[in-house]
Amino acid sequence: MSPIARKRLGRAALNTAGVLIFLFAVFPVYWMVSTAFKTNDQIFTTEFIPFPTEITFDHIDRVLTKGVAGNSIWLYLRNSAIVALGTVLIGSALALLAATAIARFRFKGRTSFLVLLLIVQMIPAEALLIPLFLNVKRLGLYDHLFGLIVINVGLTLPFGIWMLRTFVAAVPKSLEEAAWIDGASRFTTFWKVLFPLVAPGLVATSIFSFITAWNELVFALILMSDSSGYTMPVALQFFFGQRGTDWGAIMAGSTMMTIPVVVFFLLVQRRMVSGLVAGAVKG
């Protein structure tokens, strides 16, 4: 086999592997969306039905009109949005400040702090349920959405600090020193020099924080006793009953829950790409 043919064969094998991985990742999402539009006869049949032979909007209409646990589904979507966006804003700000301090300053205990971040990240969230529950109760944040925001910030902060620390360390310190020579204050240097260059990393951590807070179930279930404070993952649990599972409503609600995540990712993806290009030019 000639080198050219071998190269083409290798490229074809890589493309095939890429397509298979893509289909493997996309199939669960497709099955969720397609099931939301299938009739109950198609859902509970023993036959494999890849495409809905009869499209129905009954499941989506039932979720939208009847709601869950006596509340509208829009209330749960709003609660999830408040928790997710609050986690992104507070967590990203704290992670950026902490990452800047770690990357730019040398202080006692710096290495120990970084190691501690890794250790905290390795602890399962379930092991923290009881101490976090007691602390939330002690702070008076039980049954409040802000309590969920605080918990999610704590869960996502170690990853955000580690991610942004790499981006901050990659920015040449000479750029900040040049701004200081030109008379810029530390805040101006941080906002107009450092912040635009680490924006791609900030977007990446925002995506991680948003998805983590949006999909979080355990703490939202434990720290909320009033159904009006439930988030969307908790609300979907009500479709699982003793007499059976309403898979059509679950898939319809899951599809509605996925749309904001996709929209958020599409919005910040453009900013991430533009930030990468701008950072490459400025660097």
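The centres of domain 1 and domain 2, taken over C-alpha atoms, are separated by 31 Å in this predicted model. Domain 1 covers 3–56 and domain 2 covers 68–276, with bounds from an automatic or database domain assignment. The contact (heavy atoms within 4.5 Å) takes 6 residues from domain 1 and 8 residues from domain 2. About 580 Å² is buried between domain 1 and domain 2, and carbon and sulfur atoms give 80% of this area; buried area is the accessible area (1.4 Å probe) that two parts lose on being put together, summed over both. On the domain 1 side, Met32, Ala36 and Phe44 lose the most area to domain 2, together 64% of what that side buries.

The model is predicted: local features need pLDDT of at least 70 and side-chain atom pairs count only at pLDDT 80 or more, while totals for chains, interfaces and linings use all residues. Residues are numbered from 1 along each chain as its sequence is written, and side-chain values use heavy atoms, with hydrogens and water left out.

A search of the whole structure finds 2 cavities of 30 Å³ or more. A cavity is a set of points on a 1 Å grid over the protein atoms alone where a 1.4 Å probe fits but cannot get out, and lining residues have an atom within 4 Å of a point. Points are joined across faces, edges and corners, and a volume is the space filled by probe spheres set on them. The largest cavity has a volume of about 40 Å³, and its lining consists of Gly91, Ser92, Ala95, Thr156, Leu157, Gly160, Thr205 and Ser209. The second largest cavity holds about 30 Å³ of space and is lined by Val83, Leu148, Asn152, Ala213, Glu216, Ala220 and Thr231.

Technical notes:
On a 1 Å grid over the protein atoms alone, a cavity is a set of points where a 1.4 Å probe fits but cannot get out, and a pocket is an open set with protein on both sides within 12 Å along at least five of seven lines; lining residues have an atom within 4 Å of a point.
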